[in-house]
Amino acid sequence: MKIIEQKGMYKEFPRCGKPHARTTHYCPGCGHGIVNKLVAECCAEMGLQDRTIFVDPVGCGVFTYYYWDAAHISAAHGRASAAATGAARARPDAVTIAYQGDGDLGAIGFNNAFQAASRGEKFGCIFINNSLYGMTGGQMAPTTLEGEKTTTTPFGRDPALTGHPLHVCEVFNQLQAPVYIARVSVADTKRIMQAREAIRRVFEIQRDHKGYALLEILAPCPTNFGMSPQKAAEFCMNEMEKEFPLGVVRDTEKGVAGVEPVKHPESQALAVKSVPRFPTCMELFATPDGTEAPPVEDDPAVPERRFKFAGYGGQGILSLGICVAEAARLEKRHTLWFPSYGPEQRGGSASCSVVVSGMPIGSPTVEHPDVLVCMNQPSYERFAKDVKPGGVIIVDATVPLAVEPPQGVKLYRVPAIKMAEDFGVPKAANTMMLAALRAFKATGLKDDSLETALCASFKKKPQLIEKNRELLRRAEEELKS
Ligand code: SF4
């Protein structure tokens with residue numbers, strides 16, 4: 001196969017110890033991938049690679065240092081603009097570009113970015129707005145649209161509770177120093193070409209040491225929008241652009257070809273759109289159909305049980321944890337579910353902690369689980385040693401046991417991945433693990449609750465409910481035999 005080299009990018013992206021890798025970590029249809037290509041092309045075509053310092057963020061864009069062939073600084077979360085300030089001042093001959101997302105720049109790092117813009121630091125900031133926190137699982141960001149559903153606004157963002165979307169370009173436009181402020185999109189081909197011109201303009205301004213430039217880029221995040229790449233791109237164009245109009249907000253020298261300047265009257269951009277009204281507690285904890293959530297009942301006789309589920313993203317580890325937490329909720333137990341994952345939404349490490357108790361729970365973190373479910377080798381090596389004496393480890397049979405389980409811990413090797421493949425549903429390895437939890441009585445929860453919770457987890461894909469119910473029962477029978 002002929003490998004086409006991408007201008008401005010390394011020939012290989014050897015992430016996670018994978019040699020000769022040519023694929024990025026971005027999900028299919030992600031706007032970051034398009035922007036990464038455009039940035040690399042502009043940098044290379046303008047002959048600036050040897051002069052460019054990229055300041056990389058924390059967020060889905062974290063791995064740009066694996067892709068762009070130039071100098072890099074990896075900044076702490078939200079601090080890319082602060083690090084870029086240092087780089088630009090220390091190396092005034094360089095072209096310094098900070099790359100930040102809307103959680104990184106719009107939330108935790110907002111003041112850093114805003115003050116750097118206010119001082120007119122000589123760097124360019126490329127700011128990706130996909131309306132939520134991508135890497136950490138789709139939580140609300142300052143840029144989340146009104147009514148948009150995220151994992152922390154499951155009923156849609158309500159301005160009375162969480163404020164209005166933050167218009168970063170318009171806020172920065174209140175400052176005197178910036179040379180260039182613009183908003184573009186990468187949702188379709190025409191917009192991508194406009195984005196390319198705008199990125200080029202950011203590089204030009206830095207090449208010529210003109211001053212601070214901010215380029216906001218609306219980008220689809222199909223994974224957290226829960227949409228196909230095409231629908232996610234349409235969401236960008238049809239919904240995000242209503243809130244965040246495209247155009248050059250300021251260019252002290254010239255415009256950008258193909259991008260029509262739009263008027264941003266302060267009163268329109270910053271107007272309060274509704275009078276805050278705080279919801280009652282009953283409204284807050286109501287289920288989407290308006291009924292109250294089932295009450296939790298304190299029961300000191302039910303001991304606290306702590307679970308850790310770990311594997312790769314895409315193996316259904318987080319859903320497995322949700323099933324156990326949901327089963328506990330159905331039994332009116334106190335329960336918490338707490339996810340944790342690396343920068344990749346798919347294929348990277350993923351784990352979650354679940355705590356179930358008859359009494360209120362102090363902390364959602366699980367350092368010493370009673371039950372550990374592992375779907376891959378790194379998780380087994382990382383967590384097995386921490387399982388409590390008397391606890392249980394259920395590990396996929398493909399995982400080599402390089403580490404001895406602690407004394408007094410029961411270990412079950414379950415061919416979950418193979419069973420799922422043999423049943424013709426490779427994605428159902430997590431359902432096999434749920435069957436193992438039932439077969440080995442590892443959860444302290446009723447079989448019925450676990451099955452109901454499994455079915456509930458497919459409520460958006462009802463056609464899969466019966467199949468998974470059948471798989472659960474078949475797998476359990478095999479494991480018991
Ligand atoms: S989670 Fe969203 S922003 Fe992050 S890589 Fe996937 S699609 Fe892109």
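Guide: Start with His209, which sits in the loop between helix 8 (189–207) and strand 8. Keep in mind throughout that this is a predicted model.

Visitor: What makes His209 count as partly exposed?

Guide: Its relative accessibility is 32%. Buried requires under 20% and exposed over 50%, with partly exposed in between, so His209 counts as partly exposed.

Visitor: What is the phi of His209?

Guide: Phi of His209 is near 55°, a positive value in a residue other than glycine. Lys332 also has a positive phi, of about 65°, and is not a glycine. Lys332 is found in the loop between helix 13 (317–330) and strand 11 (334–341).

Visitor: How do you know whether Lys332 is buried, partly exposed or exposed?

Guide: The relative accessibility of Lys332 is 31%. That value is set against the limits of 20% and 50%, and therefore Lys332 is counted as partly exposed.

Visitor: Why is Gly444 called exposed?

Guide: Gly444 has a relative accessible area of 56%. The term exposed is used over 50%, so it applies to Gly444. Gly444 is placed in the loop between helix 16 and helix 17. Its C-alpha atom is 9.1 Å from that of Val302, although the two residues are 142 apart in sequence.

Visitor: How are helix 16 and helix 17 oriented to each other, and how do you know?

Guide: The axes of helix 16 and helix 17 (residues 447–457) come within 10 Å and cross at roughly 170°. Angles over 145 degrees count as roughly antiparallel, and therefore helix 16 and helix 17 are described as roughly antiparallel to each other.

Visitor: Which residues make the contact?

Guide: Helix 16 contributes Thr431, Leu434 and Arg438, while helix 17 contributes Asp447, Leu450, Glu451 and Leu454. These residues divide into 3 nonpolar, 1 polar and 3 charged.

Visitor: What about the angle between helix 3 and helix 5?

Guide: The axes of helix 3 (residues 80–90) and helix 5 (residues 110–119) cross at roughly 35° and come within 8 Å. On the helix 3 side the contact is made by Ser81, Ala82, Thr85 and Arg89, and on the helix 5 side by Asn112, Ala113, Ala116 and Arg119. By class, this contact has 3 nonpolar, 3 polar and 2 charged residues.

Visitor: What makes a group of residues a nonpolar core?

Guide: The residues must be buried, belong to a set of nonpolar types, and be joined through side-chain atoms within 4.5 Å. The largest such core here has 43 residues, and those with the most contacts inside it include Phe309, Val324, Leu434 and Leu437. Helix 16 (residues 429–439) supplies the largest share of this core, 8 residues. A second, separate core has 40 residues, among them Cys30, Ile97, Ile128 and Val186.

Visitor: Which residues does Leu437 touch?

Guide: Not counting residues up to four places away in sequence, Leu437 touches Phe309, Leu320, Val324, Val371, Val373, Ile394, Ala442 and Thr443.

Visitor: Why is His32 called buried?

Guide: His32, in helix 1 (residues 31–45), has a relative accessibility of 5%. Buried means under 20%, so His32 counts as buried.

Visitor: What makes the pairing of His32 and Tyr99 a polar contact?

Guide: The side chains of His32 and Tyr99 are joined at 2.7 Å. The limit for the pair of N or O atoms is 3.5 Å, and one atom must be able to donate a hydrogen and the other to accept it. The side chains of His167 and Glu243 are likewise joined by a polar contact, at 2.9 Å.

Visitor: Is His167 buried or exposed, and how do you know?

Guide: His167 has 8% relative accessibility, so it counts as buried. His167 lies in the loop between helix 6 (159–162) and helix 7 (168–172).

Visitor: And why is Ala213 called buried?

Guide: The relative accessible area of Ala213 is 0%, so Ala213 is buried. Ala213 lies in strand 8 (residues 213–218). Leaving aside neighbours within four places in sequence, its contacts include Phe123, Tyr180, Val202 and Ile205.

Visitor: How much of the chain is buried?

Guide: Buried residues make up 51% of the 481 residues in the protein chain. The chain has 18 helices and 15 strands.

Methods. Residues are numbered from 1 along each chain as its sequence is written. This is a predicted model: local features need pLDDT of at least 70, side-chain atom pairs count only at pLDDT 80 or more; totals for chains, interfaces and linings use all residues. Side-chain values use heavy atoms; hydrogens and water are left out. Buried means under 20% relative accessible area, exposed over 50%, partly exposed in between (1.4 Å probe, protein chains only). Helices (H or I, at least four residues) and strands (E, at least two) are DSSP runs, numbered from the N terminus. Contact means heavy atoms within 4.5 Å. Axes are lines fitted to C-alpha atoms, for helices over the stretch in contact, and angles run from 0 to 180 degrees between N-to-C directions. Angles under 35 degrees count as roughly parallel, over 145 as roughly antiparallel, 65 to 115 as roughly perpendicular and the rest as oblique. Ala, Val, Leu, Ile, Met, Phe, Trp, Tyr, Cys and Pro count as nonpolar, Asp, Glu, Lys and Arg as charged, and the others, Gly among them, as polar.
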